[in-house]
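Thanks for coming. I will show one structure today and walk through a few parts of it.

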Amino acid sequence: MKYIIPGFIVFDKSSNKIKLKNTVTGLEVQLNNEYISELKRILSNGTESIQSELQSFLHQNDILFNKDEFKLFSDEFYKKNNEILNIILYTSQNCNFRCVYCYEEFEDNQLTSLDYDFIYNFIENKLLNEKISNLNISWFGGEPLLNIDEILNFTKKCSKLTQKYKNINIRSNMTTNGYLLNIENFNNLLNAGVKSFQITLDGTNHDKYRKLINGENTYNTIINNIIAITEQTKHDNYLIMIRRNIGKLDNTFQWYENLSNIIKNKSQIVFNIRPISQLSSKNIDIPIFTKDEKEALIINHIDYLIKLGFNTVEKDEKFCYANYKNSFAFTPNGLIQKCTVAQKDSKNTVGTYNSTKNIFDFNESKNENWYRIIKFESCFHCAKFAYCPHHSCPLHAIGTNFCNEFTKEESRNIL
């Protein structure tokens, strides 16, 4: 079986030595220039066996692989992902907002007490039978705070699992519109163990895009909640991530200035600047920009926020929870899914449950389609392989014979 240098190995010949870096492990090796001719031949043609001193050196340092070794290497390196158990709970699929770009259909149902018992047993079964080091509980919807009592009860119950499973870390977070996140609800959630909150603010367009179900504005209430939290909370063990959706016309920054003046304690605030997406089937007039316009504008927003003293998520710091083996979203209508966006896509459902009748059906082969590290022959040659298992969208690859993330490593041209 032929040995080749995979696409995720990058090169630098800017000094008097050749540097080769495995972007998966982060490890780097150096070669003297005398090896450049042989290195070029290996890059061009590979090698049928390990014979020379250079081939042996590259093989020992995870630079030169055959395809069987490549699979073992990737499985071994990313197996830590399997120790993370992500449980996403749609407490309710209803919402008190009617955002113009939302993809939700607002079904009037919610998780029952029997559902919570089933999900708790599902979690404990995972802890008993698999090596799990981290349990992440994410509250989603709809709007999760419509069912705050159930959230408090279940989070407190799960926090006690650390008494039985000593080596597990438990974290809880929430995606909320923030309208009901007053200081009382916040403190109750914080005391129960919910430490991180994502809230969307759409700047000067917020009240245009994100209204209550009765058509009333929402911006002032959310801002007042955030101010109260940052001013009245004495602890620093929480995080509020403000997701700002921007469109091509959002090229002024006065809104950030105004926000900076009223939010004095910025230490627990992190901004995530994202391009606005038209996910709704409704025909809404939202100015969408090109990729180049998007990249430039996001950078401008981040730079301005940093100047004002706000923390930000880097523009390329994306993450997809559905890429993980043990990441599951439980819906009130009995579905176990991977992705919170593709709710109506049949590929997204990997299991079903009926807590009333105690029925559970799970399809591991469908689940594996989401977390399988090597999906295509091209993975062996792709420069983005190190990036892919955490950040790319696995749904794009399921049922196809190509990957829309594939790219060759251009830096090899310097050789």
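How many bridges pair strand 2 with strand 3, and in which sense? Strand 2 (residues 17–22) and strand 3 are paired over 5 bridges, in the antiparallel sense.

Before I go on, some ground rules. This is a predicted model, where local features need pLDDT of at least 70 and side-chain atom pairs count only at pLDDT 80 or more, while totals for chains, interfaces and linings use all residues. Residues are numbered from 1 along each chain as its sequence is written, and side-chain values use heavy atoms, with hydrogens and water left out. Helices (H or I, at least four residues) and strands (E, at least two) are DSSP runs, numbered from the N terminus. Two strands pair if DSSP finds at least two bridges between them.

Contact means heavy atoms within 4.5 Å.

Next, helix 7, residues 183–192. Which of its residues are buried? They are Asn185, Phe186, Leu189, Leu190 and Ala192, where buried means under 20% relative accessible area, exposed over 50%, and partly exposed in between (1.4 Å probe, protein chains only). Down the axis of helix 7, these buried residues fall within an arc of 160 degrees, so they line one face of the helix; the arc is that of the directions from the helix axis to the C-beta atoms. On the other side, Glu184 and Asn191 are exposed. The buried residues of helix 7 pack against helix 5 (148–159), strand 6 (169–175), strand 7 (194–200) and helix 9 (219–232). Just after helix 7 comes Gly193, with a positive phi of about 125 degrees.

Last, two loop residues. Most residues other than glycine have a negative phi. Asp62 is not a glycine, yet its phi is positive, about 55 degrees. Asp62 sits in the loop between helix 2 (53–60) and helix 3 (67–78), and is partly exposed at 28% relative accessibility. Asn358, also not a glycine, has a positive phi of about 55 degrees, and is exposed, with a relative accessible area of 65%.
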